[in-house]
Amino acid sequence: MMSDIRLLAAWMLFTAAVYAFAWPTHALIADEVAYLDDALRLLGRPSACGPSGWSSYPPGVALVAAMFIGLAGRPEAAFGVGLFFWLIGFWALALLLRRWQRPVVWAFYPALFVPGLPLTRTIMSDVPSFGLAAAFLCAYAGYGDRRWGAFGAGLCAGAALLVRETNFLWAAPFLVGAAWRPAQRAGWLWTGFAIGAAVRLLWAQMHFGHWAYVRDPGIAFSLFYLPKNIAFYAFALTVLCPGGLFLMIKNKKMPFWPETAIAVAAVLLLYSAYGYDAFAKSGSLKGLVLQGRFMLPLVPFLAFAGAFSKATSLSPPLRKALLGLAASLFAAVQILGWAYNRQQQTLTHALINLPAEAHWSLSYDESRKYLNPLHTSTCLHLLLEENPPAEAFYVHLITRNDSADWRKKNAMAANALQRLARQRNLTLILDHTLSEGTRLRVWRAEAKRGR
């Protein structure tokens, strides 16, 4: 027992130290800015240039981010969300494994799921969903025969709806299955879930006028996408999450196997029918993370399944090797993320050092990663062709060439730039490209002579 505690304590200290050294400074995903704006709005410090109301995202991530910002007094503290839920997931898994007298080394299994590691550096719903899934599984499978355990599991499942609505899919089989398991305190479980779900419904009613409001992702669901997507997600859960699906399928004697199998199948089928294509939008490397992130909440369930497999008889040297690999992967991703943030900072510095009272962009969604309340209070605006500023101004464009979607965006931006050049004299004053291909160009736009 003491060796497990020392191992976990060492892991937590290592993780926190590496993360603190490599603390994120920039958004990696444009949607992070929406969560940040919501967090600042909760604190009564809404961005002067941000949206006038709440974003369409559930409030859970913003609520936790606001707590960190409020405690630290700085907006970059919002990045503590990722580390916080990452550590919760590990502790919950370790506690569950101790409860079942299984090797605690399986608590480190999630660190081998490569798409999850960069997401610890984001203000997104993926890692919070992972942490709440692990906490739910710990309370349900470890202490669901006690009132407080069942109630806590229900609260975790309900709170997960405040983070992402589709989290209901992995919770539902356990909520229903409790009715057929006499040892589970089903009444307390459902009470806890009802409380968490009620908060989610009340929020929707207050902000959008309908208790059943769910954000429209703007992307269709169709069985047409099923073959392609399910192949990728199966790959993600067997290769990127080493042996994950095989561990679950082959270990039918694990506790709560039917509920686990249904939960995994439900999440797989839903996202396989989702038309989102991260590879087309962001290229192969970033697409691997962005597409694979939807599977992150399933990793605790697969880790629990693995703890009941024959692989639990790993020799001590092999266990140490796996722990070393997990630590190395985490540290490598954090350091690489820190180095990339440093490159992003060069673009942010270039933009905020312009002698301008506002920033005009031909690539608004991408520009939000570099100009937001983390870095400046100066407003960022999308430059509209029909109504450019009357006076001289600076306009910038951020482009990438790592996907078909970006090449389409670049062509549209080039056309907009040509139309602007017919109205104004454009002088290129900056052209800088990051090592991974992101290119920033800035022009000074002035009225044409004779006008």
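**Salt bridges, sheet and surface of the predicted model**

In this predicted model, Arg164 is buried, with a relative accessible area of 8%. Because the limit for a buried residue is under 20% relative accessible area, the value of 8% places Arg164 in that class. Asp126 is likewise assigned as buried, and its relative accessible area is 0%. The side chains of these two residues, Asp126 and Arg164, form a salt bridge with an N to O distance of 2.3 Å. Asp126 belongs to helix 6 (residues 126-143), whereas Arg164 is found in the loop that connects helix 7 (147-161) with helix 8 (168-177), so the contact ties together parts of the chain that are 38 residues apart in sequence.

Asp126 also takes part in a salt bridge with Arg293, for which the N to O distance is 3.5 Å. This pair links distant parts of the chain, since Arg293 sits in the loop between helix 13 (278-292) and helix 14 (299-306) while Asp126 is in helix 6, 167 residues apart. Arg293 counts as buried, at 10% relative accessibility.

A further salt bridge was found between the side chains of Glu436 and Lys286, at 3.6 Å from N to O. Here too the partners come from distant parts of the chain: Glu436 lies in the loop between strand 4 and strand 5, Lys286 lies in helix 13, and the two are 150 residues apart. Glu436 counts as partly exposed, with 31% relative accessibility. Lys286 is also classed as partly exposed, with 27% relative accessibility. Over the whole structure, the search returned 14 salt bridges.

An open sheet is formed by five strands, arranged in the order 2-1-3-5-4 with mixed pairing. Its edges are strand 2 (379-382) and strand 4 (424-433), each of which pairs on one side only. From one strand to the next, the twist averages 30°. In general, the strands of a sheet pair through backbone hydrogen bonds, in either a parallel or an antiparallel sense. Parallel pairing is found between strand 1 (residues 358-361) and strand 3 (residues 393-399), which are connected over two bridges. Ser361 has His396 of strand 3 as its bridge partner.

Two helices were examined in relation to this sheet. Helix 15 (residues 316-352) packs on the sheet and touches strand 1, strand 3, strand 4 and strand 5 (439-447). The direction of helix 15 makes about 10° with that of strand 5. Helix 17 (residues 404-423) lies across strand 3, strand 4 and strand 5, and runs at about 145° to strand 4.

On the surface, a nonpolar patch is made up of Leu42, Leu63 and Met67, which together have about 290 Å² of accessible area. Of this group, Leu42 is located in helix 2 (residues 31-42). The relative accessible area of Leu42 is 41%, so Leu42 is partly exposed.

Technical notes
Residues numbered from 1 in each chain as written. Predicted model: local features only at pLDDT ≥ 70, side-chain atom pairs only at ≥ 80, totals over all residues. Heavy atoms only, no water. Pairing = 2+ DSSP bridges. Helix = DSSP H or I, 4+ residues; strand = E, 2+ residues; numbered from the N terminus. Axes fitted to C-alpha atoms, helices over the stretch in contact; angles between N-to-C directions. Contact = heavy atoms within 4.5 Å. Patch = residues over 30% accessible without salt bridge, like charges linked within 9 Å, V, L, I, M, F, W, Y side chains within 5 Å. Areas by Shrake-Rupley, 256 points an atom, 1.4 Å probe, with all protein chains shown as cover. Salt bridge = Lys/Arg side-chain N within 4 Å of Asp/Glu carboxyl O. Buried < 20%, exposed > 50% of the residue type's maximum accessible area, 1.4 Å probe, protein only.
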